[in-house]
Amino acid sequence: MENLLVNKATNYTDNGFSVIPVKSDKSPALRSWTPFQKNRMVNGQIQRYFTQSSTKGIAIVCGAISGNLEVIDVDLKYDTDNVVKNEFPELIKESCSDLYDKLVVVETKNKGWHIPYRCEQIEGNQKLAKNQTGEVLLETRGEGGYVISPPTPGYCFLKRSYSEIPLLTNEERDTLLNLARSFDETGSTNEKGIYGLPEDDENTIFGNFNRHADVPQLLEENGWTRVNQRGEKIFYRRPGKETGISANWDIKRRIFYNFSTSTDFEVKGYSAIGIFATLLCNGDFRDASQRLEELGYGQRKTEQSLEHLSTPKFPISGLPEFVQGFLNTCIDVFGTPIDFWAASVISAAALAIGNKLELITRYQNIPILWMGITGDVSSGKTEAQRICLQPFYNLDKQLFSQYEDEVREYKRLSKLSEQDRLAEGVPILIEPKRFQYVVNDYTPEALAKIHSTNDRGLIIDRDELVGWLDDFNRYNKSGEMSFMLSSFNRVTKSINRKNSEDVVINKPVILIIGGIQPALLSKLAKDDGDENGFLQRFMFAYPDDAPKQEYSKERLPEDLVQDYERFIVSLTELSQIEKMYLSDEAETMYANWFNENVKQTNAEANRYIRGVNGKLEIIALRLAVVIKGMNKVLKNDVSNLITEDIMRYALELTEYFRATASKVYNKIYTKQPKDVNNKVVVQYLYRTTKLNKSQIANHLGIHRQQVQRWTYGITKESNDDGTVSKNTKN
């Protein structure tokens with residue numbers, strides 16, 4: 001067996017594969033197999049490693065080192081009804097017979113299959129399909145993975161061999177992976193669950209539509225091609241594609257699973273209303289509700305149900321242990337949502353760090369964050385904000401007392417003659433400046449003055465953000481909205497004054513935190529705030545439920561409050577600007593997330609959501625800096641690298657804020673119909689004239705896609721001469 005393994009390992013290596021020895025339990029028979037993810041064995045390593053007593057088999061390392069090798073692992077031991085065993089090969093044959101003919105198939109020890117191939121585009125290991133109880137049926141082994149290979153006992157070639165591994169096109173690979181994903185029975189492998197209210201209440205518009213809509217007709221009318229049907233699933237090909245399978249419609253569960261990244265859909269599951277909103281309403285559920293009501297579905301949704309997006313649990317597991325303990329104690333004492341407390345602590349830490357930690361990537365980032373604490377009156381949002389920022393109010397109080405002493409001394413010295421001042425060792429008299437961290441009510445001139453003294457970072461702290469916005473109107477020509485937009489990216493700003501000197505704020509470091517009631521969120525979108533990126537810059541802590549709490553005698557332990565204040569003060573004592581960098585692993589993780597975010601953004605029709613996605617790319621890095629700063633003072637982290645663990649948690653936080661941004665959008669736009677007049681005109685012209693959709697769009701100066709959405713389900717009932725038929729519905 002030893003000679004057989006050595007010979008086969010040598011043969012695999014000669015054919016461009018990296019190999020490693022494995023034990024009988026399939027684990028590597030090496031201290032570390034990491035080196036062989038980048039380099040193949042040389043200089044007698046094969047002879048040495050494959051003749052040791054612990055070596056019982058051979059594995060091929062996947063990924064770039066083996067010529068971009070990727071393998072689909074089909075585990076049939078969990079395929080209790082033989083659905084995958086019987087249908088997966090047949091689906092490949094039906095979808096692309098040429099692809100099936102060139103595939104290599106290896107039988108595994110458990111009578112499953114490995115299907116290896118090479119492709120220009122591969123990824124890391126992925127779960128493709130699970131059964132109803134969560135066991136994995138199909139997955140890939142890619143970059144960072146390996147597969148046990150013949151002649152390991154229990155493994156043999158069923159079809160072709162490794163010397164015949166095909167090079168697939170990206171499209172062929174997508175087809176193969178999409179077919180594998182179609183066997184998923186949980187929806188969990190398709191990103192973040194089901195999009196678009198998977199409810200079936202007959203009395204609601206969306207629930208009624210989810211139950212009764214003819215989804216196959218809806219898909220086919222919008223360019224999707226039915227390929228075939230197997231059991232409860234109808235398989236579809238996306239518009240513009242001539243071969244392969246891109247999605248399926250599960251008849252029983254009434255869920256549409258899209259597997260292609262080249263469509264209006266994301267790679268995940270959609271309910272019927274999710275399909276309708278995506279195809280015909282640019283993802284706007286308010287528009288979908290209005291249109292479906294006109295088509296006779298259900299009863300009008302309530303405002304609350306139209307919000308439809310629930311807030312995920314605020315993640316805190318990536319925070320240092322002390323911060324987690326502080327947060328948990330706060331919610332135990334006050335009974336208010338973790339969202340309010342965690343968001344406030346993150347803002348406080350970001351302010352304390354200021355410009356002293358600077359992350360260097362293609363751009364430079366410091367933790368400038370805008371936080372909106374969102375909840376009803378008496379929900380506890382202000383309490384969390386006040387307690388978490390209290391250390392800065394204490395610092396400002398101490399600094400103001402010091403400033404007053406300096407002013408008194410300045411006034412005393414200013415009354416002395418130059419000779420007397422020299423006698424006291426004061427050759428030059430300099431007017432004192434007040435240093436402060438927190439501003440509440442201010443003029444642009446005052447803000448500039450404060451920032452000129454404190455250029456490390458200050459925060460605008462408002463109980464109600466709406467009041468802050470209303471203050472903009474006091475200075476109509478001050479350009480405050482424009483200034484705040486540019487300050488997010490540290491753009492030096494000159495605010496022009498007609499009767500006085502211009503106000504200049506150099507490289508601003510201005511954070512924002514404030515409370516806002518859900519009913520007032522639309523105020524943030526006024527004056528084009530939803531169009532110019534103002535609204536999208538905010539991170540919203542927006543829990544689903546924040547009821548007013550009953551009276552409690554509980555108090556925060558005094559020693560915990562003091563420890564928290566020492567933690568914040570320690571961050572403010574970072575005195576030198578330190579440059580931070582992403583570790584290689586962290587940068588790879590961020591790059592993968594960034595590229596996926598780009599795909600979502602490019603596929604997103606809604607301008608607001610596109611804007612949110614763009615800002616999240618910046619926010620993710622800034623959150624990473626905040627966590628790094630916490631670790632520096634609480635874990636004695638002296639390195640200048642953002643690690644993979646920090647980046648993973650920063651991205652987890654970012655996804656929370658992505659969810660709340662969508663929730664804010666839906667809250668704002670469930671209230672006011674848009675383009676009602678144009679919509680009525682379009683529908684009238686389409687019903688009663690010979691004009692086609694393109695002509696109507698050109699006539700009204702709107703996009704044809706908009707006309708397509710507004711005329712869905714409306715029958716054109718004009719006669720050839722353009723007159724209206726008698727049976728036309730009004």
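D75 and K77 form a salt bridge, with the closest N and O atoms 2.6 Å apart; the term means a side-chain nitrogen of Lys or Arg within 4 Å of a carboxyl oxygen of Asp or Glu. D75 counts as buried because its relative accessibility is 19%, while K77, at 43%, is partly exposed. Buried means under 20% relative accessible area, exposed over 50%, and partly exposed in between (1.4 Å probe, protein chains only).

This is a predicted model: local features need pLDDT of at least 70, side-chain atom pairs count only at pLDDT 80 or more, and totals for chains, interfaces and linings use all residues. Residues are numbered from 1 along each chain as its sequence is written, and side-chain values use heavy atoms, leaving out hydrogens and water.

K102 and E172 also meet in a salt bridge, at 3.0 Å from N to O. This pair links distant parts of the chain, 70 residues apart, with K102 in helix α4 and E172 in helix α5. Helices here are DSSP runs of H or I, at least four residues, numbered from the N terminus.

Another salt bridge, between D645 and R648 (3.0 Å, N to O), lies within helix α21, where the two residues are 3 apart, about one turn of the helix. D645 is exposed at 55%.

Helix α21 (residues 644–668) also packs against helix α19 (residues 584–603) at an angle of about 25°, their axes 8 Å apart. The two helices are therefore roughly parallel, a label for angles under 35 degrees. Axes are lines fitted to C-alpha atoms over the stretch in contact, and angles run from 0 to 180 degrees between N-to-C directions.

Methods: Angles under 35 degrees count as roughly parallel, over 145 as roughly antiparallel, 65 to 115 as roughly perpendicular and the rest as oblique.
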